[in-house]
Amino acid sequence: MSGGPGKSFPNTDDYYPAPEIRMEHQGLVTVRVCTDDKGRLTAAPTLAETSGYPGLDQGALKLAQAGSGRYRATTEDGRPVSSCYPFRVRFQYKN
């Protein structure tokens with residue numbers, strides 16, 4: 001089973017950059033993370049696919065970094081293992 005954001009993962013809205021909200025920019029960013037068997041980052045997150053807005057991309061990278069230790073580890077044969085995988089961050093403007 002592939003890893004991903006786990007329980008108590010930071011709220012995406014907390015990392016939605018204020019300038020992007022003011023300009024009503026929204027989008028989907030794909031971030032690549034590498035985690036250990038405890039869900040902690042083993043390297044800095046990287047951008048796998050841009051939203052087209054640099055501010056949103058930076059917000060997603062900050063969110064991914066803040067989530068260290070709160071990722072659900074990938075499992076193989078029911079045991080947690082270190083791995084790298086992409087996950088998506090959706091920034092959606094709310095009125």
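Me: In the protein chain, what share of the contacts with a separation of 6 or more comes from residues 24 or more positions apart?
Reply: This is a predicted model, in which local features need pLDDT of at least 70 and side-chain atom pairs count only at pLDDT 80 or more, whereas totals for chains, interfaces and linings use all residues. Residues are numbered from 1 along each chain as its sequence is written, and side-chain values use heavy atoms, with hydrogens and water left out. A contact means heavy atoms within 4.5 Å. Of the contacts in the protein chain with a separation of 6 or more, residues 24 or more positions apart account for 73%.

Me: Which pattern does the protein chain follow when read along the sequence?
Reply: Helices (H or I, at least four residues) and strands (E, at least two) are taken as DSSP runs and numbered from the N terminus. The protein chain has 2 helices and 7 strands. Read along the sequence, these elements give the pattern β-α-β-β-α-β-β-β-β.

Me: What is the radius of gyration of the protein chain?
Reply: The radius is taken over C-alpha atoms, and the globule rule used for comparison is 2.2 Å times the number of residues to the power 0.38. For 95 residues that rule gives 12 Å, and the protein chain comes close to this value, so it is as compact as a globular protein of that length. Along its principal axes, the C-alpha trace spans about 45 × 25 × 20 Å. The radius of gyration itself is 14 Å.

Me: What percentage of the residues of the protein chain count as buried?
Reply: Buried means under 20% relative accessible area, exposed means over 50%, and partly exposed lies in between, with a 1.4 Å probe and protein chains only. Of the 95 residues of the protein chain, the buried share is 39%.

Me: Which cysteines form a disulfide?
Reply: A disulfide is a pair of cysteine sulfur atoms within 2.5 Å, and the count by this rule comes to 1. The pair links distant parts of the chain, 50 residues apart, with one cysteine in strand S2 (residues 27-35) and the other in strand S7 (residues 83-91). The link is right-handed, with 110° about the S-S bond. With sulfur atoms 1.9 Å apart, the partners are Cys34 and Cys84.

Me: What is the phi of Ser8?
Reply: Ser8 lies in the loop between strand S1 (4-5) and helix H1 (18-22), and it is exposed, with a relative accessible area of 58%. Most residues other than glycine have a negative phi. Ser8 is not a glycine, yet its phi is positive, at about 65°.

Me: What is the phi of Asp77?
Reply: Asp77 is placed in the loop between strand S5 (74-76) and strand S6 (79-81). This residue is exposed, with a relative accessible area of 82%. Although Asp77 is not a glycine, its phi is positive, at about 55°.

Me: Which residues does Met1 touch, not counting those up to four places away in sequence?
Reply: Met1 is in the segment before S1 and counts as exposed, at 63% relative accessibility. Met1 and Tyr15 are 14 residues apart in sequence and 27 Å apart in space, C-alpha to C-alpha. Leaving aside residues up to four places away in sequence, Met1 touches Arg72, Thr74 and Thr75.
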